[in-house]
Each structure stands twice: as C-alpha cells, then as structure tokens.
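Subject: Structure handover

Hello,

Here is the structure I promised to pass on. Please open it alongside this note, which says what was found.

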Amino acid sequence: MIRAHILLAQTTTTEDEGDPLDFFRDFFDSEVWLVIRNVTLFFLVVFWLASAYWVYKDARRRIEDPWLLAMAVALGIFPPFVGPLLYMFFRPPEYLEDVRERELEIKAMEESLDTAERCPVCRAAIEPSFLACPVCTTKLKEACRRCKQPLEPLWQICPFCETPVESPRAVENLSG
Ligand SMILES: [Zn+2]
Ligand SMILES: [Zn+2]
C-alpha cells in the first residue's frame, strides 16, 4: 500500500515536471528552432569567411613574401575567428606602401645631400655664398669688387649691383 503511494507520487511528480521538459523538447524539435539554428550557422559561416577575407586583404598590403602571405591567409581561415585575432597580434606593423614611401624619402634625402655643393679639393660641404673653402682655404669664387657679393664664374656682370665683372683674362690683357 505504501509502495503504491510512493509510485503514485513519483509518477505524479514526473508528470508535473514533464511539462517544461516537453516544452523544450518540442521547441528543439520545432521548425522555429531549425530556422534559428540555420540562420545562426549561416551568419557564423559568413562572418568566418569575411574575417578570412579581411586577413587576406590586410596581409596583402603588409606582407611581401608569398609564403608568409599564404601562411597568414591559412591562419585567417583556421582556426575560425581565433586565427584572424592571432594574425592581428603578429602582423607587420606597417603597410608595404608606407615602407616603400619612407625608403623613397630616405633615398631622395641622400640624393639631395649628394647634390649639395662640395669643395672640389677636399669635398667639404660648402654654401653658394662661400668665397673660399673654410676647411682647406681653396679659393672658390671671386667677390664683386663693389658690393663684395660672391660671383659665379660665368657671370659677366654682378647681378646685385650691375658692376661689370673683371675676368682674369681681361686683367691679363690690361696688364699685357
Ligand atoms: Zn676645401
Ligand atoms: Zn656687386
């Protein structure tokens, strides 16, 4: 008699708790759950492919070596989502075009240094206004006899004060 009571109690309790479980079971069997699951999976796959594509696009701008680029793309694909995150930690910090631009700037700077005027004797850097090399005292330019501005060898007249330039040849002719 007591045993029957317990059994009865058990069956009633399982029946009472059976309702929410049945609800979940029904829910997971239902079309709604199927749609939610498929849409979630769809978005996960789309996000996975998009993140892998982003890694490919970003790596192409930063990595020149084809093998390293292939490795970066593989990491972007697998493991999903974690790979792109790892790639972000270890990717080269600069874009290739920035590196190239900087190299060009450095090259241009070096060239401009090379084209800077230099003393023909000791190669010391000189300025256009120098009359003599300050390092080896070589005479570089004549000064205008009136305004003392430095004159280029080809000038026939001083551009600053319009005084005609006395070339060494003319001086020679005068003396001879
Ligand atoms: Zn010099
Ligand atoms: Zn002058």
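Helix H2 is hardly covered: three of its 32 residues are buried. A residue is buried if 20 or more other C-beta atoms lie within 10 Å of its own, exposed if 12 or fewer, and partly exposed in between, with C-beta atoms placed from the backbone. Helices (H or I, at least four residues) and strands (E, at least two) are DSSP runs, numbered from the N terminus.

The buried residues of H2 are Ala 52, Val 55 and Ala 59. They pack against H3 and H4. The end C-alpha atoms of H2 are 46 Å apart. The expected span is 1.5 Å times one less than the number of residues.

A word on the source. This is a predicted model, where local features need pLDDT of at least 70, side-chain atom pairs count only at pLDDT 80 or more, and totals for chains, interfaces and linings use all residues. Residues are numbered from 1 along each chain as its sequence is written, while chains are lettered from A and ligands numbered from 1 in the order in which they are written.

Now the overall layout. The protein has six helices and two strands. Along the sequence they follow the pattern α-α-α-α-α-β-β-α. Of the 176 residues in the protein, 8% are buried. Take the contacts with a separation of 6 or more: 20% of them join residues 24 or more positions apart. Two residues are in contact if their C-beta atoms, placed from the backbone, lie within 7 Å.

Next, the core. Which residues make up the largest nonpolar core? There are six: Ala 52, Val 55, Ala 59, Ala 72, Leu 75 and Tyr 87. H2 gives the largest share, three residues. A nonpolar core is a set of buried Ala, Val, Leu, Ile, Met, Phe, Trp, Tyr and Cys residues joined through C-beta atoms within 7 Å.

Ala 52 has contacts beyond its neighbours within four places in sequence: Gly 76 and Ile 77. Val 73 lies in H3. With 19 other C-beta atoms within 10 Å, Val 73 is partly exposed. Leaving aside neighbours within four places in sequence, Val 73 touches Val 55, Tyr 56 and Ala 59, in the contact sense above. Val 73 and Arg 60 are 13 residues apart in sequence, and their C-alpha atoms are 9.3 Å apart.

On to the helix pair. Two packed helices are described by the angle between their axes and the distance between the axes. H3 and H4 pack at about 140°, with axes 5 Å apart. Axes are lines fitted to C-alpha atoms, for helices over the stretch in contact, and angles run from 0 to 180 degrees between N-to-C directions. H3 and H4 are therefore oblique to each other. Angles under 35 degrees count as roughly parallel, over 145 as roughly antiparallel, 65 to 115 as roughly perpendicular and the rest as oblique.

H3 brings Ala 72, Leu 75, Gly 76 and Ile 77 to the contact, and H4 brings Gly 83, Pro 84, Leu 86 and Tyr 87. Six of these residues are nonpolar, two are polar and none is charged. Here Ala, Val, Leu, Ile, Met, Phe, Trp, Tyr, Cys and Pro count as nonpolar, Asp, Glu, Lys and Arg as charged, and the others, Gly among them, as polar.

Last, the loops. Most residues other than glycine have a negative phi, and most peptide bonds are trans. Some places to check:

- Phe 78 and Pro 79 are joined by a cis peptide bond, with omega about -5°. Pro 79 lies in the loop between H3 and H4 (82-90).
- Pro 80 is in the loop between H3 and H4. Pro 80 is partly exposed, with 15 other C-beta atoms within 10 Å.
- Thr 137 has a positive phi, near 60°. Thr 137 sits in the loop between H5 (96-115) and S1 (142-143), and is exposed, with 11 C-beta neighbours inside 10 Å.
- Lys 148 also has a positive phi, near 65°. Lys 148 is in the loop between S1 and S2 (150-151).

Best wishes
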